[in-house]
Amino acid sequence: MGYMGTYSVCICFPKKFGVVTDAGSPVDVKKVFMEYAEEGGDFIRVEQLRRFLVEVQGDAEASMEDAERIVEEVLHRRHNNAYKCTNYQALSLEDFHFYLFSVDLNPWLLNQVHQDMTAPLSHYFIYTGHNSYLTGNQISSDCSDIPIIKALKRGLRVVELDLWPNSTKDDVLVLHGWTLTTPVELIKCLTSIKEHAFSASPYPVIITFEDHLTPDLQAKVAQMVSQTFGNMLFCPESDSVKEFPSPEELKYRIVISTKPPKEYLEDKSLSSRRSNSHREKDSDEDIWGAMPADLTNDDDKSDCDTSEHSPWDGDNEACDDRLFRPLGAPAYKNLISIPAGKPKGKLREKLKVEKDKVRRFSLSEQKFEKATVCHGTEVVRFTQRNILRIYPRGSRVNSSNYKPLIGWMHGAQMVALNMQGYGRSLWLMHGMFRSNGGCGYVKKPDFLMNVGPNNQVFDPKAKLPVKKILKVKVYMGDGWHLDFKHRHLNLWSPPEFYTRVGIAGVPADKTMKKTKKRKGYWTPVWDEEFTFQLTVPEIALLRVEVHEYNMSEKDYFAGQTCLPVSELRPGFRAVPLFNRKGEKFTSLRLLMRFEFVQV
């Protein structure tokens with residue numbers, strides 16, 4: 001007879017996961033409703049709503065037609081067609097709360113271009129990507145046009161393509177050189193850019209080429225670009241660019257930026273040296289390449305010298321001279337509207353502003369940070385006429401990102417981030433470029449462009465007085481029961497949400513605060529106010545994150561957004577939340593109130 005073992009069975013039941021209830025209107029909403037409601041306090045009519053829009057919401061141009069459209073839309077959504085049976089066009093308290101909590105009816109910003117778009121390109125922050133073709137990490141992921149398409153649909157305006165010969169040296173591929181990334185054909189990327197360039201914005205798309213090509217292949221690229229884009233392609237009238245055109249002038253145009261090909265004689269000894277150099281690479285270095293210059297002991301160099309540029313930094317503009325043969329490619333050179341390159345010498349010389357010539361200059365994040373320590377005001381002065389591009393250091397092989405604010409506060413136009421590197425740095429990028437209708441171009445604040453009577457410019461290190469006070473009140477949130485499955489949060493206890501609210505900006509403005517935890521309900525009510533003193537409100541970003549408290553592990557992510565302070569509309573506002581990738585949730589939103597106090 002066989003032996004049958006004994007087993008103990010433990011059955012665990014999760015606690016009740018919270019309930020979905022109508023949290024009702026916050027006290028402040030009830031108070032303002034009573035203040036503007038008609039006598040008796042039960043309804044707000046069209047005229048009273050218009051007064052509310054002007055006096056509380058700060059919409060000085062609100063008309064009776066605007067208020068009437070809101071009333072009709074709210075009644076239609078909440079009561080279907082029943083409201084048409086009566087001529088009483090008015091909102092109850094519940095209708096009024098519904099309006100305030102509707103993202104499309106009561107948005108936190110006006111989604112339209114409102115800035116002057118007629119200044120030179122150097123006067124704008126530009127939505128810029130790094131290695132735009134990569135689907136994942138910097139070493140072994142696939143190269144594809146799909147990330148480019150996604151980024152353009154988000155409003156990205158600067159696409160970076162690394163150009164390399166194929167194995168037979170008769171065609172051009174896009175890939176991250178000296179890595180295991182699988183290539184994609186250049187023509188496929190160009191075709192996708194043409195099809196999607198202006199799906200989110202009419203303003204110019206700039207393509208930056210990191211060029212590793214011979215003159216023959218440069219000529220082939222020129223032909224591809226010209227045939228693909230046709231009249232969309234903007235070509236400069238002369239070789240020397242004295243001032244960049246404006247975004248308005250370049251509407252619906254494609255602009256090329258790269259280092260112009262060098263024209264010099266190449267003798268056999270140079271060819272031999274190049275051949276030997278390549279053989280040494282093949283035999284002595286693995287696919288990761290040499291140690292990035294950013295990670296070597298260059299911290300001790302005097303004058304913050306950034307003149308050396310490693311071919312493994314992720315941006316090889318300074319290393320490409322050895323690839324060019326005698327005559328260059330005239331057709332290729334004629335495509336370049338934004339010339340790139342690095343003058344010889346130390347950084348101070350490289351940042352020299354020329355009166356009759358403008359250019360683009362690139363620095364890795366680490367070299368840029370060093371430059372700001374020693375030459376902060378020179379960087380600001382350089383970016384008033386020229387374009388500065390910053391890119392992630394070579395050691396960010398997982399496609400992570402650096403903090404972009406240091407670039408913006410020094411006037412850098414092209415702060416290039418990895419669009420697949422999801423995280424707080426990219427959330428800040430998304431927040432900045434929600435400004436100005438999401439068109440991908442944000443006018444730099446005047447203080448970055450001004451020159452004083454003694455030729456002085458903005459000093460990012462200077463201690464500044466408080467210019468503006470921002471009051472932020474977080475009332476409540478809703479939508480988690482619709483956008484989050486229970487398994488996304490804590491299965492063993494009711495939800496316990498809290499909100500983190502803070503400022504990203506210059507160091508003096510940077511701060512982070514949080515609400516108390518609210519336990520047991522899918523519609524948490526916090527009703528807490530925070531005050532932020534801002535010295536540079538023009539580039540400050542309001543960070544908002546919601547988390548679900550978990551006592552035993554790391555708290556669960558439950559939504560985020562990042563809002564440019566300069567674009568915030570005062571009053572009660574519905575604020576949508578986004579996931580880690582920056583994609584908007586269908587239902588998730590917060591009810592907040594913004595108030596500015598001038599100092």
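In which handedness of crossing does H1 pass H4? The crossing is right-handed, a label given when the near helix is turned clockwise from the far one by less than a right angle. The model is predicted, so local features need pLDDT of at least 70, side-chain atom pairs count only at pLDDT 80 or more, and totals for chains, interfaces and linings use all residues. Residues are numbered from 1 along each chain as its sequence is written, and side-chain values use heavy atoms, without hydrogens and water.

The chain holds 15 helices and 22 strands (DSSP runs of H or I, at least four residues, and of E, at least two). Of its 599 residues, 55% are buried (under 20% relative accessible area, 1.4 Å probe, protein chains only).

Helix H1 spans residues 27–36 and helix H4 residues 93–100. Their axes (lines fitted to C-alpha atoms over the stretch in contact) come within 11 Å and cross at roughly 120 degrees. Val29, Lys30, Val32 and Phe33 of H1 contact Leu93, Phe96, His97 and Leu100 of H4 (heavy atoms within 4.5 Å). By class, this contact has six nonpolar, one polar and one charged residues.

Thr181 sits in the loop between strands E5 (172–174) and E6 (184–185). Its relative accessibility is 4%, so Thr181 counts as buried. A polar atom of the Thr181 side chain lies 3.3 Å from the backbone nitrogen of His176. Beyond neighbours within four places in sequence, Thr181 contacts Leu134, Gln138, Ile139, Ser140, Ser141, Cys143, Leu175 and His176.

Terms used. Axes are lines fitted to C-alpha atoms, for helices over the stretch in contact, and angles run from 0 to 180 degrees between N-to-C directions. Ala, Val, Leu, Ile, Met, Phe, Trp, Tyr, Cys and Pro count as nonpolar, Asp, Glu, Lys and Arg as charged, and the others, Gly among them, as polar. Buried means under 20% relative accessible area, exposed over 50%, partly exposed in between (1.4 Å probe, protein chains only). A polar contact is a pair of N or O atoms within 3.5 Å; within protein, one must be able to donate a hydrogen and the other to accept it, and residues adjacent in sequence count only if both atoms are side-chain atoms.
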